[in-house]
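Open the model in your viewer and keep the selection tool at hand. We will take a short walk through it, stop by stop.

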Amino acid sequence: MASRFLIRISEPMGQAWQRPLSLRESLYVGAVLFAVGTAYCQLYCAISMPAMNGMHMPLGLSLWRSAIETVPALMAFELSKRVLRHGADRRAIAGVAGVLLLAAAVSTAMVFICHGLLYASAMPLRPVIADRLPGITLTAIAVAWASRAVRAASASHERLAPASADELPPADWIDWVRAAGNYVEVRAYGRSTLKRMTMAQAEQALAGQAFVRVHRSMLLNRSRIAGLDRTERPRHVRLTDGSVVKVGEAYRANLA
């Protein structure tokens with residue numbers, strides 16, 4: 001049973017590791033990391049602190065300590081994925097460095113806020129910055145690993161992608177299909193290609209594959225939909241990569 005469970009969750013976890021998460025997904029992941037970090041802090045202090053004159057760690061301080069460690073790290077990881085999704089050139093690397101520095105600054109600021117609100121203790125800036133380095137280093141390693149996984153997956157898809165101009169790639173690779181004159185534009189793993197077919201032919205080829213028509217010129221993979229606008233009759237769809245797609249009047253019922 002455990003092995004089946006791990007197999008079932010491995011694919012979505014792998015996809016979430018590589019692609020930018022939606023706001024809802026980020027909140028879920030952040031909540032889990034926050035809870036795990038708090039539990040770890042409480043357990044660690046329960047084991048180590050009684051030997052130090054009976055000291056203990058207040059729950060509020062563990063909660064804040066967990067937030068200091070998890071929130072900036074998750075923020076940096078998600079922003080870096082968005083920076084690197086179009087490539088890993090010098091500009092992208094500089095962007096990731098900027099994101100990591102921002103995360104370090106946020107984490108440092110949270111430490112001083114913690115010291116001011118939860119207890120009065122003047123802590124020098126240099127030790128605070130040094131204390132942040134391990135977390136930022138681990139975040140940078142995670143970003144590099146995720147970027148490498150994306151590039152490897154992209155290269156694998158390029159090798160396996162159909163060479164025919166009128167054949168679609170596997171359905172789970174495709175983000176969306178859009179009409180382009182006598183062709184359709186297919187977006188898959190950050191790249192767009194033209195295929196010699198009509199939208200009707202593309203829709204027929206992807207029938208039964210969790211795709212939805214949201215416009216006469218647009219066919220979406222449902223797994224790439226992060227959310228709808230908050231009206232009763234949605235006019236826009238937000239995708240997991242952050243882009244927004246217009247919903248046609250005649251196709252709004254498809255998103256019910």
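Buried here means under 20% relative accessible area. Bear in mind along the way that this is a predicted model.

**Stop one: a helix.** Select residues 23–48, which make up helix α2. Its 26 residues reach 37 Å from the first C-alpha to the last, close to the 38 Å expected at 1.5 Å a residue. Now highlight Ser-26, Gly-30, Gly-37, Thr-38, Cys-41 and Cys-45: these are buried in α2.

Next, select strand β1, residues 174–180, together with β2, residues 183–188. The two strands run antiparallel and are joined by six bridges, with Ile-174 standing opposite Ala-188. Two residues separate β1 from β2 in this hairpin, and Gly-181 in the turn has a positive phi of about 65°. Colour β2 by accessibility and you will find five of its six residues buried.

Bring in β3, residues 191–195, which pairs with β2 in the antiparallel sense over five bridges. Look for Val-186 opposite Thr-193. Here too a hairpin has two residues between its strands, and Tyr-189 in the turn shows a positive phi of about 50°.

**Last stop: Ala-180.** Zoom in on this residue of β1. Ala-180 counts as partly exposed because its relative accessibility is 29%. Beyond its neighbours within four places in sequence, Ala-180 is in contact with Glu-185 and Leu-194. Finally, draw a distance from Ala-180 to Lys-195: 15 residues apart in sequence, their C-alphas lie 9.2 Å apart.

Note on methods:
Residues are numbered from 1 along each chain as its sequence is written. This is a predicted model: local features need pLDDT of at least 70, side-chain atom pairs count only at pLDDT 80 or more; totals for chains, interfaces and linings use all residues. Side-chain values use heavy atoms; hydrogens and water are left out. Helices (H or I, at least four residues) and strands (E, at least two) are DSSP runs, numbered from the N terminus. Buried means under 20% relative accessible area, exposed over 50%, partly exposed in between (1.4 Å probe, protein chains only). Contact means heavy atoms within 4.5 Å. The expected span of a helix is 1.5 Å times one less than its number of residues. Two strands pair if DSSP finds at least two bridges between them.
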